[in-house]
Amino acid sequence: MLLLSIALPGCPVWAAQGDEQDIDPWEPMNRRIFSFNETLDDYVLLPAAKGYRYVMPDPAERGVTNFISNVYEFNSFFNSLLQGRPGNALQSAARFLVNTTVGLAGFIDVATPMGIEHSPADFGQTLYTWGVDSGPYLMLPVFGPHTVRSSAGYFVDTYTSIPGLLEDKEWAYLFWTVEAVDLRANLIKADELVTGDRYIFIRNAYLQRRQYFLTGEIQDSFTEQEKPEDYLEF
């Protein structure tokens, strides 16, 4: 569900490092959950995403993506404060205020052309800053690839976000449903880039993308037995 990791231009899906570690000790369980998620995606999420793309004009689709991103500036602001990054917190606050007002509730990204950079931060990153270990790789039902640390951060961010704080939970569930469909719609083309063992590809792409988000570095996520020559490089 989260092929988002393919957004690292110029980087191979794996990069060589000498030390191996058991990044996926729960692989048998994770693969079963992955199979369930793939079935759910095939029969529910992907058809919904294709229908969404069919009926939504491109400008409207970009507007929805911008709106969702703007909502989570709220989380970025508080997580940046918790991480001791007041400059990033100020940027997130400025983006939220500008895009919510001038940008019509965030449907138009006015802040970026104004030079107010996007500085995303989440609670998983906050836990990393506080020294909490990532724990093993974990495939969550419905919610896809995570680590133990990032999954804890994901749920904290979800329920402390603006939708999660609303008293009327129907609006929150509507927001999260649209968010899931919009994300999947944006990743339809990424499916074509997956090669080899789909589970391993998505696992390692997620872990590398997550490592890059936390540290700005790429680390190897394959064991020596999992490094086929035909894995995609881009």
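At what angle do helix α2 and helix α3 pack, and how far apart are their axes? In this predicted model, α2 covers residues 58-71 and α3 covers residues 73-82, and the two pack at an angle of about 30 degrees with their axes 4 Å apart. Angles under 35 degrees count as roughly parallel, so α2 is roughly parallel to α3. The pair is described in these two terms because packed helices in general are described by the angle and the distance between their axes.

The contact involves Ser69, Asn70 and Val71 on the α2 side, and Glu73, Phe74 and Asn75 on the α3 side. By type, the residues of this contact are 2 nonpolar, 3 polar and 1 charged.

Apart from neighbours within four places in sequence, Ile68 is in contact with Phe175, Val178, Glu179 and Asp182. Ile68 also belongs to the largest nonpolar core, which has 14 residues. Within this core, Tyr52, Ile68, Tyr72, Phe175 and Trp176 touch the most other members. Helices α1 (residues 27-55), α2 and α8 (residues 169-186) each supply at least two residues of the core. Which helix gives the largest share? That helix is α8, with 5 residues. Another core lies apart from this one; it has 10 residues, including Ile23, Tyr199, Ile200 and Tyr206.

The last stop is helix α4, which spans residues 86-101 and contains Val98. Is Val98 buried or exposed? Its relative accessibility is 17%, and buried means under 20%, so Val98 counts as buried. Not counting residues up to four places away in sequence, Val98 touches Gly103, Val110, Ala111, Met114 and Ile116. Val98 can also be placed relative to Asp109: the two are 11 residues apart in sequence, and their C-alpha atoms are 8.7 Å apart in space.

Technical notes:
Residues numbered from 1 in each chain as written. Predicted model: local features only at pLDDT ≥ 70, side-chain atom pairs only at ≥ 80, totals over all residues. Heavy atoms only, no water. Axes fitted to C-alpha atoms, helices over the stretch in contact; angles between N-to-C directions. Parallel < 35°, antiparallel > 145°, perpendicular 65-115°, else oblique. Contact = heavy atoms within 4.5 Å. Nonpolar A, V, L, I, M, F, W, Y, C, P; charged D, E, K, R; others polar. Buried < 20%, exposed > 50% of the residue type's maximum accessible area, 1.4 Å probe, protein only. Core = buried A, V, L, I, M, F, W, Y, C linked by side-chain atoms within 4.5 Å.
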